[in-house]
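Grab a pencil and work through these exercises with the model open beside you. Each task comes with a solution that goes step by step.

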Amino acid sequence: MLCSLTLTSLICLYLRAIPRPWSTMKLWMMLLILLLHLGNAPWMKVVCVSLPAPSKVSISSLNMEHTLSFLPGPGTPPDARFTVQVLRLRKSQWRLLAKCAQLTAGQKCNLTRAFKDRYEQYQARVQAFTPSQTSNWTVSGKFLPLTDTVLGPPDVSLSGCGNCLLLRLGAPLAMEFSPTYRVHVQRTRDGVQFNLSLPYKEETVITYLQPGVEYCVTVSIWSSFNKNTVSSAPHCAFTSPPPSRSSYVVILGLLAAVCTLGLLLILLHFYGLQGFEVLRKCLSTTLSYILLPCQCCGGAPIEQSAQMSAVQHLKEGSADCLLTAHRLLRNTSDGGEEIHGEGSEI
């Protein structure tokens with residue numbers, strides 16, 4: 001409704017209440033009403049059209065840090081400002097927040113100190129205003145800090161300690177209680193996993209793990225009165241340093257040597273003394289190249305290239321042994337009777 005119509009109705013009611021001797025004043029009042037309708041009285045202009053009310057007034061909270069956000073209503077002028085009031089439901093009285101009395105569009109209001117009692121319910125409301133206009137209030141929903149805040153992830157660091165992991169946790173600064181931490185541990189190699197519930201400590205040791213194996217850990221805060229929790233990102237570490245490449249070279253060399261010795265023992269078992277010379281030769285070749293990576297020159301370890309060459313020689317020596325054994329088998333099959341005759345003479 002326009003302000004001029006509202007003002008006209010009020011004046012008419014006032015004129016009806018004036019006694020008859022005041023008819024001249026009634027005439028002047030009617031002229032004043034006519035001037036208002038014609039717009040010839042700018043000095044009596046009254047603003048009655050209000051601003052659009054703010055929209056999407058909401059309260060978000062992370063680790064007991066509370067923030068009020070809102071959006072200007074459609075058609076709100078750029079020079080508009082916004083003011084915030086808070087209500088403690090037990091007192092039923094709105095209170096102005098001085099630090100949030102002149103907000104601009106897009107600004108947020110920190111309500112952490114205003115909502116200091118985490119067991120109390122609160123509300124907030126926002127109003128837009130200009131020097132000549134105001135909007136209606138837009139009220140947020142009810143907010144209880146203890147249950148409506150989001151329990152975010154703590155700071156996590158992880159390191160190995162042999163057959164265990166050393167877990168370091170940092171509690172959020174705004175928390176006023178000691179929460180329980182839920183720790184999820186997963187072995188990277190095969191996906192085996194388990195959960196732990198731990199009280200807050202700056203350092204916690206997770207024991208009974210395999211050495212030299214990588215594990216990944218995620219941590220979240222657990223509370224019986226608040227289920228709004230966010231887990232940390234996975235943090236991964238080895239329980240102990242993994243084997244170096246030089247160790248793999250030595251292990252492969254030993255496996256090749258064992259396979260070669262096994263084959264030669266089989267030859268010795270089936271072909272008697274004639275395979276003994278082959279076995280002796282191959283044993284000397286194999287042992288010399290197995291021990292080569294373990295030797296030191298002037299107190300410094302042999303370089304990785306020397307170890308690789310040793311393995312190469314070992315493979316070549318094994319091939320020579322196998323070639324000699326093959327020749328022995330062929331000679332035995334061709335001249336089996338001569339060998340048997342020589343044995344009869346001995």
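**Exercise 1.** Find how many residues lie between strand 1 and strand 2 in their hairpin, and which turn residue has a positive phi.

*Solution.* Start with the turn: two residues sit between the strands, and N63 has a positive phi of about 50°. Strands here are DSSP runs (E, at least two residues; helices are H or I, at least four), numbered from the N terminus, and two of them pair if DSSP finds at least two bridges between them.

A word on the model: it is predicted, so local features need pLDDT of at least 70, side-chain atom pairs count only at pLDDT 80 or more, and totals for chains, interfaces and linings use all residues. Residues are numbered from 1 along each chain as its sequence is written, and side-chain values use heavy atoms, leaving out hydrogens and water.

**Exercise 2.** Work out the strand order of the three-stranded open sheet, and name its edge strands.

*Solution.* The order is 8-9-12, with antiparallel pairing. Strand 8 (155-160) and strand 12 (203-206) each pair on one side only, which makes them the edges. From one strand to the next, the twist averages 25° (axes are lines fitted to C-alpha atoms, for helices over the stretch in contact; angles run from 0 to 180 degrees between N-to-C directions). Now zoom in: six bridges link strand 8 with strand 9 (residues 165-170), and D155 stands opposite G170 in strand 9.
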